[in-house]
Structure formats: structure tokens, C-alpha cells
Amino acid sequence: MEHESGGMPRLGDEEQLLWEHVQMLWEIARRRETAPVRKLLHPDYSGWVTGLDKPHDFEAAVASVGPDSPRILRYRLQPLEVTVFDHEVGVVHYRYEADVEAAGGGSQMIAGRWTEVYKRRGRGWLMISVSGGPDGMR
């Protein structure tokens, strides 16, 4: 498994921990593990993928990393801005590139951007929303 994070902006301690959380979520998605995702999403989670007609909910987010989703072979994350507000809310803007398993074998490269919103839970974070997705979607 190959992955990397490039172009890291200078982050404070809270922001660094939040960015590490984002990276951990990508690793969980790469392994297609739904149980940890269920624990890391807020129960009222709502997100919107660019190009889709409407927002999605908690169960759709869990399914997006499950065994029926395309397998992530490699990925690269590029943080653009990571902000923690009043030690309670975190917002992460980043770009990604990923090689995913294509239907019928082989791989397909996708690239895009995400904005993710988190709420503090103890020393960790719960994802409450995302917006973004693959480039080229309208």
C-alpha cells in the first residue's frame, strides 16, 4: 500500500491532530471497514458529493467505504487548510488523488477535493458533514 501526504501547511497541535484523523479515515476507507466509520460519524451526519442531485445521510456514507465500494489501491492527500474553531469544530479542505480498482480489472485514477466538518468528541473527532468529490463533476 502506497500513500502520502504532500504540501503540508504549517499546522498547530489541534490542527495537526485533526489532519491525522482525516488520514486515519482514508486508511479505514482503504481497508473498507464500516464498523469504525459508524463510530466516527455523527448520528445526524449529512454530506453532499459534487454532481449528485441531493445530500446523502449516515448510512450512505458508511456504504461508500463498504465492500461494495471501489477498492482504493493508492492515494495521495494534499491538505490546503485545516482550522479548529474554539477547540470544538474542525474544518479541513484538501485535494486527493486515488487509484481505485476499475470494473473488469485494472485501475482508474480519480482526483478531487473535499471539505470536511468535524465536531470534537472528547480527545477525538466526529465527522458531521462533507462537501466535494471528484473533479469534473457538475
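Here are a few questions and answers on charged side chains in this predicted model.

Q: Which side chain of opposite charge is nearest to Arg32, and how far away is it?
A: Arg32 sits in the loop between helix H1 (13-30) and helix H2 (34-40). Arg32 is buried yet has no salt bridge. A salt bridge needs a nitrogen within 4 Å of a carboxyl oxygen, and the nearest side chain of opposite charge is Glu101, at 5.2 Å.

Q: Which residue has its backbone oxygen 2.2 Å from a polar atom of the Arg32 side chain?
A: Leaving aside neighbours within four places in sequence, Arg32 is in contact with a run of residues including Val65, Pro67 and Arg71. Also in that set is the residue asked for. The backbone oxygen at 2.2 Å belongs to Ser69.

Q: Which residue forms a salt bridge with Glu101?
A: Glu101 is in strand E5 (residues 89-101), and its partner lies 30 residues apart from it, in the loop between H3 and strand E4 (72-85). Glu101 is partly exposed, with a relative accessible area of 39%. The closest N and O atoms of the pair are 4.0 Å apart, and the partner is Arg71.

Q: How far apart are the closest N and O atoms of Arg38 and Glu59?
A: Arg38 is partly exposed at 38% relative accessible area, and Glu59 is partly exposed too, at 41%. The two form a salt bridge, with a closest N to O distance of 2.9 Å.

Q: Which residue meets Arg113 in a salt bridge?
A: Arg113 belongs to strand E6 (residues 107-121), while its partner is in the segment after strand E7 (124-134). Their side chains meet at 2.9 Å, N to O, and the partner is Asp135.

Conventions:
Residues are numbered from 1 along each chain as its sequence is written. This is a predicted model: local features need pLDDT of at least 70, side-chain atom pairs count only at pLDDT 80 or more; totals for chains, interfaces and linings use all residues. Side-chain values use heavy atoms; hydrogens and water are left out. Helices (H or I, at least four residues) and strands (E, at least two) are DSSP runs, numbered from the N terminus. Buried means under 20% relative accessible area, exposed over 50%, partly exposed in between (1.4 Å probe, protein chains only). Lys and Arg count as positive and Asp and Glu as negative; His and the chain ends are not counted. A polar contact is a pair of N or O atoms within 3.5 Å; within protein, one must be able to donate a hydrogen and the other to accept it, and residues adjacent in sequence count only if both atoms are side-chain atoms. Contact means heavy atoms within 4.5 Å.
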